Amino acid sequence: MGKVAFRRGGVYPKDKKNLSKNFVLETVTPGSKVFVPLIQHIGAPSAPVVEKGDFVSVGQLIAKATSYVSANVHSPVSGKVLDFEVRENIVGRKIRHIVIENDFQYAKSFMDILENPTREDIINRVSEAGIVGMGGATFPTHVKLDVKKKIDYLIVNGTECEPYITIDYRLMLEKTKEILKGAKYAQKATGAGKILIGIEANKDDAIGLFKELLADDDSIEVFRLKNKYPQGGEKQLIYSLTKRLVPNGGLPADIGCIVLNVSTCHAIYEAIDLGKPSYTRYLTVTGEGVLRSANLIASVGIPFSEIIEKTGYFKTTTKLISGGPMMGISLHNFKPVVSKGSSALLFLTKKEAQVASTTPCIGCAKCAQVCPMHLMPMKID
């Protein structure tokens, strides 16, 4: 079918994906210490279940969800719990982190592998594994799967409409079968009648891979979407694929839809088929200000400063962003750490960031109110 898009509005920014799209996934080894945040999700903070001096293994539960809308936290390394430290996250909020000394042995403490799991098994495992939405919202995934309404479509979001970011693209190329398995587990949990996969047209090779694997499976349909921002927004994506509108104040489930990011589907696969909790994050490092772009498999708790070391530092950077240029957060230092919500680190030059020259204007708009020609002087350079 041709390219489809949501109904109205949207913009067409340069995607800049050529900077990093051809770099295969590579693993970043944690350093001597990791700093694991107790808040990596929407909802109530997690409560530590370890104490200073305890030895922990990779994948061991170190902080437990404190409410239904919360998420478990697991250790990304094996070693000793050194301390509990208050550090700033990407928005400058001071939160508690569990500091773990890495012994570099990586002794594992995974969950049991599930074979032919029931709906309840899948939801419980997703909750146990601490999986949250990896498309940016970080909403606990078990809550989304534990839906009480009739679901017609499970929508797998592979649009990755934010410029620069290519980590979902690399996952779709390198982990195609795993994403599909995770999506089918989610379909079983939600009772969805059909799976719809939406991928933007600038990822034609990923579209081809999915269609090749699904040639004999009519329960899953792959859509080629127009390159348009915010094509990956939940409401926009639902309309593009189903022509259904989420009502004001409503949820996708109200119109028979559930949306999961491809990275979230992959995490579901790992939790069920490998017994692996959610303690790693896939992220892109890119921008014209970085020396070497990369698509990384990074453990939660690695400081951004160490991520930069792995990619050879940077050239001339005016703006550092965690996430994409449209919805990401500008950072003032490299102290924050990788969390379940991390998707990218962007190093933008002055030209890319389009930094305006400093003026006395504070944007109060008083000049517009008194302008006899009804201009907007605060917008004039």
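Me: In this predicted model, what makes the pair formed by the backbone oxygen of K226 and the side chain of Q231 a polar contact?
Reply: The backbone oxygen of K226 and a polar atom of the Q231 side chain lie 2.9 Å apart. The cut-off for a pair of N or O atoms is 3.5 Å, so the distance qualifies.

Me: Why is Q231 called buried?
Reply: The relative accessible area of Q231 is 0%. Buried means under 20%, so the term applies. Q231 sits in the loop between β11 (220-225) and α6 (234-242). Beyond its neighbours within four places in sequence, Q231 is in contact with residues including V4, A5, F6, T159, C161 and E200. Q236, L237 and S240 are also among them.

Me: Why are helices α4 and α7 called roughly perpendicular?
Reply: The axes of α4 (residues 176-190) and α7 (residues 262-274) cross at roughly 80°. Angles of 65 to 115 degrees count as roughly perpendicular, so α4 is roughly perpendicular to α7. The two axes come within 7 Å.

Me: Which residues make that contact, and how do they divide by type?
Reply: From α4 come E178, I179, K181, G182, A183, Y185 and A186. From α7 come V262, C265, H266, I268, Y269, I272 and D273. They divide into 9 nonpolar, 2 polar and 3 charged. Gly counts as polar, so G182 is placed in that group.

Me: Which residues have the most contacts inside the largest nonpolar core?
Reply: They are L145, L154, I197, F210 and I268, in a core of 50 residues. Leaving aside neighbours within four places in sequence, F210 is in contact with M172, T176, I179, L180, I197, I199 and V222. A second, separate core has 16 residues, including V290, A294, L296 and L320.

Note on methods
Residues are numbered from 1 along each chain as its sequence is written. This is a predicted model: local features need pLDDT of at least 70, side-chain atom pairs count only at pLDDT 80 or more; totals for chains, interfaces and linings use all residues. Side-chain values use heavy atoms; hydrogens and water are left out. Axes are lines fitted to C-alpha atoms, for helices over the stretch in contact, and angles run from 0 to 180 degrees between N-to-C directions. Helices (H or I, at least four residues) and strands (E, at least two) are DSSP runs, numbered from the N terminus. Angles under 35 degrees count as roughly parallel, over 145 as roughly antiparallel, 65 to 115 as roughly perpendicular and the rest as oblique. Contact means heavy atoms within 4.5 Å. Buried means under 20% relative accessible area, exposed over 50%, partly exposed in between (1.4 Å probe, protein chains only). A polar contact is a pair of N or O atoms within 3.5 Å; within protein, one must be able to donate a hydrogen and the other to accept it, and residues adjacent in sequence count only if both atoms are side-chain atoms. A nonpolar core is a set of buried Ala, Val, Leu, Ile, Met, Phe, Trp, Tyr and Cys residues joined through side-chain atoms within 4.5 Å.
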